Amino acid sequence: MYAIITGASKGIGKCIAIELAKRQYNLVLVARSTGLLEEVKIEIAHKYKIAIETLALDLSENDSSQKLLAFCESKNLKISVLVNNAGYGLSGKLEKYSIADNSNMIQLNILSLTQNIQTFLPILEKNAPSYILNIASTAAYQAVPMLAIYSATKAYVLSLSRTLHHELKSKQITVTALSPG
């Protein structure tokens, strides 16, 4: 079985990839940087002797979930874990950033995450028991001045995760939100 980890080239995503590798999950590592992905792949594959696929993909693109699905299908990968880690936050007052900058953050933190879940849900159901891990933030629990849109996107991630945890329980799909910070 394979685990998809978005934002897997560094930070929390890389740490989650290592933890899943320790548990002998094969991995699909997704991030924008081909070079960093290959470094992580070599490091993990050498130590844990698992199969690892990498996909350099900008998850803020509207069709990224479909591209990820097509990649997994082309390699006939059985997915049982989806880790939605890719995301970022812009700090400062709302007007500091352009509408395009703020929209891109919303696209990645909310829409891409939601599309990944909806796209892979039939596969996760077929391969149950399965798991979805969404990365939220402690910023999800309150309004945060100078992080207005970021905290709102992470509140969405937390709320969606809590709801899906209940909705998907009967399908043997566990949904968890991790709130670092």
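Val83 stands opposite Leu133 of strand β5. The two strands involved, β4 and β5 (residues 130–135), pair in the parallel sense over 4 bridges; two strands count as paired if DSSP finds at least two bridges between them. Helices (H or I, at least four residues) and strands (E, at least two) are DSSP runs, numbered from the N terminus.

A word on the model before going on. It is predicted, so to speak of local features a pLDDT of at least 70 is needed, side-chain atom pairs count only at pLDDT 80 or more, and totals for chains, interfaces and linings use all residues. Residues are numbered from 1 along each chain as its sequence is written, and side-chain values use heavy atoms, with hydrogens and water left out.

## The sheet

The open sheet has 6 strands in the order β3-β2-β1-β4-β5-β6, with parallel pairing. At the edges stand β3 (52–56) and β6, each with a single partner strand, so one side of each has no neighbour in the sheet. Direction ignored, neighbouring strands are turned by 15° against each other on average. Axes here are lines fitted to C-alpha atoms, for helices over the stretch in contact, and angles run from 0 to 180 degrees between N-to-C directions.

Two helices pack on this sheet. Helix α1 (residues 11–22) touches β1, β2, β4 and β5, and its direction makes about 170° with that of β1. Helix α4 touches β1, β4, β5 and β6, and its direction makes about 165° with that of β4. Contact means heavy atoms within 4.5 Å.

Now for β1 and β2, which pair in the parallel sense over 5 bridges. Tyr2 has Asn26 in β2 as its bridge partner, and Thr6 has Val30 in β2. Are the residues of these strands buried or exposed? In β1, 5 of its 5 residues are buried, and in β2, 6 of its 6 residues are buried. Buried means under 20% relative accessible area, exposed over 50%, and partly exposed in between (1.4 Å probe, protein chains only). In a regular strand the side chains alternate between the two faces of the sheet. From β1, Tyr2, Ile4 and Thr6 point one way and Ala3 and Ile5 the other way. In β2, Asn26, Val28 and Val30 lie on one side, with Leu27, Leu29 and Ala31 on the other.

## The nonpolar cores

In soluble globular proteins, nonpolar side chains tend to be buried together. A nonpolar core here is a set of buried Ala, Val, Leu, Ile, Met, Phe, Trp, Tyr and Cys residues joined through side-chain atoms within 4.5 Å. Which residues of the largest core touch the most other members? Among its 31 residues, they are Ile4, Val28, Leu68, Ile79 and Ile132. The elements giving two or more residues to this core are β1 (2–6), β2 (26–31), α3 (64–74), β4 (79–84), α4, α5 and β6 (173–178). Helix α4 provides the largest share, 6 residues. A second, separate core of 20 residues includes Leu20, Ala31, Val40 and Ile52.

Leaving aside neighbours within four places in sequence, Val28 is in contact with Tyr2, Ala3, Ile4, Ile5, Glu53, Leu68, Phe71, Leu77 and Ile79.

## Two helices side by side

Helix α4 (residues 99–126) and helix α5 (residues 148–167) pack at an angle of about 10°, with their axes 9 Å apart. They are therefore roughly parallel to each other; angles under 35 degrees count as roughly parallel, over 145 as roughly antiparallel, 65 to 115 as roughly perpendicular and the rest as oblique. Residues making the contact include Met105, Ile106 and Ile110 of α4 and Tyr150, Val157 and Leu160 of α5. By class, the contact has 11 nonpolar, 4 polar and 1 charged residues. Ala, Val, Leu, Ile, Met, Phe, Trp, Tyr, Cys and Pro count as nonpolar, Asp, Glu, Lys and Arg as charged, and the others, Gly among them, as polar.

## Backbone details worth a look

Most residues other than glycine have a negative phi, and most peptide bonds are trans. Here are some exceptions to look up in the loops.

| Site | Backbone value | Loop |
|---|---|---|
| Ala128 to Pro129 | cis, omega near 5° | Pro129 between α4 and β5 |

Lys49 is exposed, with a relative accessible area of 62%. Lys47, in helix α2 (residues 34–48), is also exposed, at 61%.
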